[in-house]
Amino acid sequence: MKIFLLNFFWGVIFLLFEISPIAAQVEKTSYRGWSDCYRLSNKQCEVIIGASCGGRVLLFSLNGKNIIYENQEQDGKSLKNWEQERFDPDAGRFDLGPERATHPIHDLTWMGKWDAEIIDEQTLRLTSVNDTLFGLKNIREFKLHKDSAALAVLQTAINITNKPLTRHFWGRTLVKPRGTLFMPVNPHSRFEHGWGRFLWDPNRIESSSAIDDRIKIQRLIFRFHAVGTTIKGGTDATNGWMVYALDGMVFLKRFEVSTDQDYSGSDHMTGIFYSNGRFCEIEPCGPTYTFAPGDSIEFTERWELKLISPKEIRDDKIFQLIHD
């Protein structure tokens, strides 16, 4: 009888172990035609990162609902395809500015292959090649919380040249359109109306007072409805957050802003957005550094997905989510 009970006990334990969902895991997978992808997951959140296409976040989902913009026409495309076609890569991209200096030279890091290393059941590390044209070797470490839709992305850039480089980190995440973007406004902003608008031909930034029905500023919060014609702008707030709400889900980005650092490389903006009706781009910017050969700089973005009722898409509720 004792043997039977002991066997029964261990059988139940084994069965529970087998059917219990894994708290968190990192595994290699295929996605959208790329075989060299990595999946970070827990009970409610899934993240897929493409190591062979620029180290991008291809999917960030809560309960099976993905916030990231995907262009199926780009499935499986590599650096070679990009060099021939010069398409705008989709998904969650990471870049370094200043844009006018780095855009012509970032190709290999922007769309090339990265080496991947699974650190533990929550963490994936990607390492770029030594990009001599760009002047950098980059490391990205993605860490998913064990039981929530919270992802930390630590970025490190190492100067591999023999001269000082001027660079800043520039997050460039594409999300699905028609949502609402919230950004803080600096009460002491250098921009007359609290935000700057990018204009082209010639390239310039203006603190525009023009009426745009998609934009509302109230109680030091900039609100933008991501529909309609192309627009790019940003704020110089020091709060270090951006929020995008869509279809009952909120995507929150947190990042550190240093009030004593230089942000001239990002036109003195700490948060930038771009929208063209097909997607919305949310772009935290780090300080502009000039760093010596062999030195490195770092920047961390903290991403989080939360569920929210459409009736709760209000400034006070957004503030509550940020401070939870």
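How many positive and negative side chains does the protein chain have, and how far apart do the centres of the two sets lie?

**View 1. Charges on the protein chain.** The chain carries 39 positive and 42 negative side chains, with the centres of the two sets 3 Å apart. Lys and Arg count as positive, Asp and Glu as negative, while His and the chain ends are not counted. Each charge is placed at NZ of Lys, CZ of Arg, CG of Asp or CD of Glu. This is a predicted model, in which local features need pLDDT of at least 70 and side-chain atom pairs count only at pLDDT 80 or more, whereas totals for chains, interfaces and linings use all residues. Residues are numbered from 1 along each chain as its sequence is written, and side-chain values use heavy atoms, leaving out hydrogens and water.

**View 2. The largest nonpolar core.** This core has 61 residues, and Phe-60, Ile-67 and Tyr-244 have the most contacts inside it. A nonpolar core is a set of buried Ala, Val, Leu, Ile, Met, Phe, Trp, Tyr and Cys residues joined through side-chain atoms within 4.5 Å; buried means under 20% relative accessible area (1.4 Å probe, protein chains only). Strand β4 (residues 56–62) gives the largest share, five residues; strands are DSSP runs (E, at least two residues), numbered from the N terminus.

**View 3. Around Ile-67.** Beyond its neighbours within four places in sequence, Ile-67 is in contact (heavy atoms within 4.5 Å) with residues including Phe-60, Val-175, Lys-176 and Tyr-244.

View 4. Of the 324 residues in the chain, 53% count as buried.

Definitions and conventions. Buried < 20%, exposed > 50% of the residue type's maximum accessible area, 1.4 Å probe, protein only. Helix = DSSP H or I, 4+ residues; strand = E, 2+ residues; numbered from the N terminus.
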